[in-house]
Every structure is written in structure tokens, then in C-alpha cells.
Amino acid sequence: LAMGGNYTQPKFILLGITETPWAQAPLFVLFLLIYIITLAGNIGLMVLVWVAPSLHTPMYFFLTHFSLADICYSTVISPKMLTDLLSGDKTISWAGCVTQFHLFALFVTAECHLLAAMAYDRHVAICHPLSYVLVVSPRACWQLVAWCYLVASLSALLYTGCTFGGSFCGPNHVDHFFCDASPVLRLACSDTRGCEAAIFALATANGLGTSVVILLSYGRILHAVPGTSSAPSRARAFRTCASHLASVAVFYGSLFFMYLQPASRHGSRDKVASVFYTVVSPMLNPFIYSLRNREVKAALEKCRRRVLNL
């Protein structure tokens with residue numbers, strides 16, 4: 001038995017994304033396909049950056065860590081969700097539930113801070129090109145990434161402690177497809193108001209803090225672009241910013257919906273919102289942030305020629 005506060009809790013039962021029998025097989029096929037595309041896209045991007053010298057730049061350095069975060073937190077969620085869609089046994093041990101939530105919180109928080117670092121990198125590159133090499137040096141890149149993981153690690157410890165630190169002595173059915181804070185806290189038999197307030201404050205600090213950096217960076221970029229480039233370059237920059245901001249809006253919008261609303265308002269829509277940032281966003285990010293770039297296309301073509309020559 002695993003300890004939960006003052007009581008023992010042998011296991012949790014995840015109710016899953018749906019309890020409708022006929023929908024589970026089609027959803028399994030859909031989410032398996034999405035997960036395969038997620039792994040292929042993100043691992044492919046990381047390998048391409050590693051083998052292509054032309055992509056050894058700060059932007060793609062951040063993108064490889066961004067892809068790593070996508071791979072990690074989608075892998076924390078998707079395999080268990082896929083197994084539960086086909087299996088009648090949807091139990092998860094106390095330790096498994098704690099581990100799943102902790103790793104999810106770690107990599108999602110890291111992704112928020114990596115998005116802010118990437119936006120800052122683009123802001124310096126476009127608005128201050130002459131000082132870019134000095135400001136975004138290799139040392140600065142490593143420091144920014146280390147900061148992202150440090151803040152994420154400390155935040156994940158606090159999120160996990162607040163979520164699982166109370167007493168669990170009653171129902172053990174988690175109304176979700178993974179161990180998330182809100183559905184787990186609903187099962188606690190101790191007073192959770194303090195924990196909910198702490199999670200809300202921490203989510204606000206991480207979410208709003210990084211989103212402000214992102215919006216300010218892209219705002220400065222959009223303000224600077226019209227006076228510094230030709231019409232085709234401006235159009236390309238605006239399209240790039242629009243696609244990046246659309247991705248950010250989906251990711252942060254679903255996160256804010258989940259974590260920046262009162263506990264009493266959580267319900268069945270939580271699962272739909274969660275699908276966007278746990279399943280859909282990691283699949284789309286490689287296409288939005290890299291595979292549409294000229295540098296990546298050129299590197300892919302060079303690798304293709306190299307393979308054909310071999």
C-alpha cells in the first residue's frame with residue numbers, strides 16, 4: 001500500500017477520456033496516430049539539428065529542447081491513455097499516479113519557459129541584430145535552458161506536494177485520462193483549499209509570467225518588421241509570427257482554462273481542454289516552429305542528397 005497523507009491508498013482508477021464502448025477503438029487509432037506523428041516529428045527535428053551544421057544556431061538549440069519537452073510529456077500521458085482505451089483494467093498505483101503527474105508538471109512548465117526563451121531569442125535576432133551574437137551567446141543559451149529546467153523542477157515539486165500531500169480515504173476514481181491536479185484533489189478527504197490556492201498562484205506565476213514575455217517579444221517583432229525589411233520578408237515574418245502565436249494561444253488557452261479557474265467550475269470539458277495541450281500541441285509544434293522554415297527545408301534537402309549519394 002502507498003501512503004497518502006494519514007491514510008493508505010492502494011491505487012487509483014482512471015475513468016479515461018470516454019466511457020462509451022463504441023468510441024474507444026476509434027479514439028485509440030486516432031491518438032496512436034497522433035502519438036506516432038509526435039514522436040517522428042520531434043525526434044526527426046532533433047536528429048536533423050544534430051547532423052546539420054547550418055542549424056547549429058541558438059534558435060534551433062532552443063527548439064531541440066522544446067522538442068525534447070514535447071516528447072517527454074506526451075510520453076508521460078499517451079501510452080497509459082492508449083492502454084486504457086483498449087484495456088478493461090484502468091488502475092494506476094499511487095506511486096505511478098504521483099510520478100505521472102510530477103513528470104507532466106515538470107515538462108509542461110519547462111515548455112512554458114522554453115517558449116519564453118524562444119520568443120526572446122527571436123526578438124533579439126530581429127530587433128537587435130547587431131548585438132545578437134553577444135546577447136544570445138552559447139553560454140547565455142545554456143544558462144537560459146538551465147533556468148527553464150530549474151524553475152520547472154522546483155515548480156513540479158510544489159505542484160506534486162500540494163496535489164498529493166493531503167489525506168485520501170474515500171473514492172479512488174479519477175475522472176480524467178491521467179493524474180491531474182484538479183481530479184485528484186477532488187478525491188481528497190482533507191481540506192484542499194490551501195493546496196488549490198497554492199497551485200493557482202504557482203500556475204499564474206509560471207503561465208502569466210512566461211506569456212507576458214512571449215507577447216511582448218512578438219509585439220516588438222511585429223512593430224519592428226515593417227521598417228526593416230522588404231515586402232516579401234515582411235509578409236513571411238508576419239505569417240511566421242501568426243503561426244507561432246496561434247500555437248501559443250492553443251497551448252496557453254487550454255492550460256489557463258484548466259489551471260486558472262475555480263475548482264468548482266471544473267467539469268467534463270476539462271478532458272477536451274487537456275487533449276489540446278497534452279496530445280495535439282506536441283504533434284503540431286515541429287510543423288509550426290521548424291518544418292516550415294527555409295533553413296530546415298534546405299537542411300532536409302541536403303541530407304536527402306547525401307543519403308542518395310551514399
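This is a predicted model: local features need pLDDT of at least 70, side-chain atom pairs count only at pLDDT 80 or more; totals for chains, interfaces and linings use all residues.

Q: What makes Cys148 buried?
A: Its relative accessible area is 2%, and because buried means under 20%, Cys148 is called buried.

Q: How many disulfides does the rule give, and what makes Cys97 and Cys179 one of them?
A: The count comes to 2 disulfides. The sulfur atoms of Cys97 and Cys179 are 1.9 Å apart, and because the cut-off is 2.5 Å, the pair is joined by a disulfide.

Q: Why is the disulfide of Cys97 and Cys179 called left-handed?
A: The torsion about its S-S bond is about -115°, so the disulfide is left-handed. Cys97 lies in helix H3 (residues 94–127), while Cys179 lies in the loop between strand E5 (173–174) and helix H6 (181–185), so the pair ties together parts that are 82 residues apart in sequence. Both Cys97 and Cys179 are buried.

Q: How do you know that Cys169 and Cys189 form a disulfide?
A: Their sulfur atoms are 2.1 Å apart, and because a disulfide requires a distance within 2.5 Å, the two cysteines are joined. This pair links distant parts of the chain, 20 residues apart, with Cys169 in the loop between helix H5 (138–164) and E5, and Cys189 in the loop between H6 and helix H7 (193–224).

Q: Why are Cys169 and Cys189 called partly exposed?
A: Cys169 has a relative accessible area of 41%, and Cys189 has a relative accessible area of 41%. Because buried means under 20% and exposed means over 50%, Cys169 is partly exposed, and so is Cys189.

Q: Which pattern do the disulfides of the protein chain follow?
A: With bonded cysteines counted along the chain, the pattern is 1-3, 2-4.

Q: How do you know that the span of H7 is close to the expected one?
A: H7 has 32 residues and reaches 45 Å from its first C-alpha to its last, which is to be set against the 46 Å expected at 1.5 Å a residue. Among the buried residues of H7 are Ile199, Leu202, Asn206, Thr210 and Tyr218.

Q: Where does the UniProt record place a "transmembrane region", and what is the chain like over residues 197–216?
A: The unreviewed UniProt entry places this feature at several stretches, including residues 140–159 and 197–216. Over residues 197–216 the chain is 100% helix and 0% strand, with the end C-alpha atoms 28 Å apart.

Q: How many aromatic pairs does a search of the whole structure find, and why is the pair of Phe66 and Tyr289 called edge-to-face?
A: The search finds 15 aromatic pairs. The rings of Phe66 and Tyr289 have their centres 5.3 Å apart and their planes at 70°, and because planes over 60 degrees apart count as edge-to-face, the pair takes that name. Phe66 lies in helix H2 (residues 58–86) and Tyr289 in helix H9 (residues 269–289), so the pair ties together parts that are 223 residues apart in sequence.

Terms used. Residues are numbered from 1 along each chain as its sequence is written. Side-chain values use heavy atoms; hydrogens and water are left out. Helices (H or I, at least four residues) and strands (E, at least two) are DSSP runs, numbered from the N terminus. Buried means under 20% relative accessible area, exposed over 50%, partly exposed in between (1.4 Å probe, protein chains only). The expected span of a helix is 1.5 Å times one less than its number of residues. UniProt positions are given in the numbering used here, feature names are shortened, and annotations may be inferred rather than shown by experiment. Rings of Phe, Tyr and Trp (its six-membered ring) pair if their centres lie within 6.5 Å; planes under 30 degrees apart count as stacked, over 60 as edge-to-face and the rest as tilted.
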